[in-house]
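I opened the notebook to record what I look up in this structure. I go sheet by sheet, then to the cores and the charged pairs.

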Amino acid sequence: MKISYHGHSVIQIQTNGKTIIIDPFITGNSLTDLKADEVNADVVILSHGHNDHVGDTVAIAKRNGSLVVANADLTTFLSWQGVKTHGMNIGGSCQFDFGTVKLTQAFHGSGYVTNKNEIVYCGMPTGILFSNEGKTIYHAGDTGLFSDMKLIGERHPIDVAFLPIGDNFTMGPEDAAYAAKLLNAKTIVPIHFNTFPPIKQDPYQFIERLEGKNGKVLVPGEAIEI
């Protein structure tokens, strides 16, 4: 399984001939190495409905015929825009031909801002557990620290955990380091930092905080294999 990071919270997974992209915020993302009209994805998985996570989902899904997986409120909203969706909710899991997806809780907002300055409620924010080839990835989405991260790690041994560290809107480095301890993942990768001034952070200082010394900073476009 090949996993690559593409700035902000964008993660791409290649597994068994399938390409999955999580939170494809590309247009307007100054840190990404991707171009929205060049992304080829079989599946799009979304953590929540904020614009900087939904991003280019509709354009990517329409061009590729991608399946969009997210919470049921968000998938309903996106289905009205002509894309194929599969709605889920927190605590539920589903086995697909590309792997198993389970949504976890996250503590954040989930409103999509339209070009008419309207906010559309898009359901509860979530974290994402993705499993395939005997490996499990945890994308925490946008969230604050919560104690049930320990339960998530105990119930689902995690190979790679992607944790937001930006502060202001999500966990900051100190809380994210504590989250890493609770999750007990083999590898911790920081996300959701430096895209906007309020979330400016040094990811290398963050990984120095990790008790397990198991952090890895990925620059946009860099990949790891597990």
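**Terms and ground rules.** Two strands pair if DSSP finds at least two bridges between them. Helices (H or I, at least four residues) and strands (E, at least two) are DSSP runs, numbered from the N terminus. I note that this is a predicted model, where local features need pLDDT of at least 70, side-chain atom pairs count only at pLDDT 80 or more, and totals for chains, interfaces and linings use all residues. Residues are numbered from 1 along each chain as its sequence is written, and side-chain values use heavy atoms, with hydrogens and water left out.

**Entry 1: the seven-strand sheet.** I looked up the strand order. It reads E6-E5-E4-E3-E2-E1-E15, in an open sheet of seven strands with mixed pairing. E6 and E15 are the edge strands, each pairing on one side only. The twist averages 20° from one strand to the next. Here axes are lines fitted to C-alpha atoms, for helices over the stretch in contact, and angles run from 0 to 180 degrees between N-to-C directions.

I then took the pairs one at a time. Strands E2 (residues 11-15) and E3 (residues 18-22) run antiparallel, joined by five bridges. Ile11 has Ile22 of E3 as its bridge partner. Strand E4 (residues 43-45) pairs with E5 in the parallel sense over three bridges. Val44 has its bridge partner in E5, and that is Val68. E5 also pairs with strand E6 (residues 84-88), again parallel, over five bridges. Asn71 is bridged to Met88 in E6.

How does the chain get from E5 to E6? It crosses through helix H3 (residues 72-79), and this β-α-β crossover is right-handed. Right-handed means that, with the strands pointing away from the viewer, the path from the first strand over the helix to the second runs clockwise.

Is strand E5 largely enclosed or open? Four of the five residues of E5 (residues 67-71) are buried, so the strand is largely enclosed by the rest of the structure. Buried means under 20% relative accessible area, exposed over 50%, partly exposed in between (1.4 Å probe, protein chains only).

**Entry 2: the six-strand sheet.** I found another open sheet, with six strands in the order E7-E8-E11-E12-E13-E14 and mixed pairing. Its edge strands are E7 (93-96) and E14 (187-191), each pairing on one side only. Strand E12 (residues 135-139) and strand E13 (residues 160-164) pair in the parallel sense over three bridges. Ile137 stands opposite Val160 of E13.

Helix H5 (residues 173-183) lies across E12, E13 and E14, at about 155° to E13. I listed the buried residues of H5: Pro173, Ala176, Ala177, Ala179, Ala180, Leu182 and Leu183. Their cover includes E12, H4, E13, E14 and H6, with contact meaning heavy atoms within 4.5 Å. Just after H5, Asn184 takes a positive phi of about 55°.

**Entry 3: the cores.** A nonpolar core is a set of buried Ala, Val, Leu, Ile, Met, Phe, Trp, Tyr and Cys residues joined through side-chain atoms within 4.5 Å. The largest has 48 residues, and Val101, Tyr138 and Leu163 touch the most other members. H5 gives the most to this core, with six residues. Apart from it lies another core of 20 residues, among them Ala61, Ala70, Leu78 and Val83. I also checked Val101, whose contacts include Ile45, Met88, Phe96 and Phe130.

**Entry 4: salt bridges.** A salt bridge is a side-chain nitrogen of Lys or Arg within 4 Å of a carboxyl oxygen of Asp or Glu. I count five by this rule.

- Lys150 and Glu154 form one, with the closest N and O atoms 2.4 Å apart. They are four residues apart in helix H4 (residues 149-155), so about one helical turn separates them. Lys150 is partly exposed at 42%, and Glu154 is exposed at 52%.
- Asp159 and Lys186 form another, at 3.3 Å. Asp159 is in the loop between H4 and E13 and Lys186 in the loop between H5 and E14, so the pair ties together parts 27 residues apart in sequence. Asp159 is buried at 10%, whereas Lys186 is exposed at 58%.
- Glu211 and Lys181 meet in a salt bridge at 3.8 Å, N to O. Glu211 lies in the loop between helix H6 (203-209) and strand E15 (223-225) and Lys181 in helix H5, so this pair ties together parts 30 residues apart in sequence. Glu211 is exposed at 63%.

Definitions and conventions
Lists of a residue's contacts leave out its neighbours within four places in sequence.
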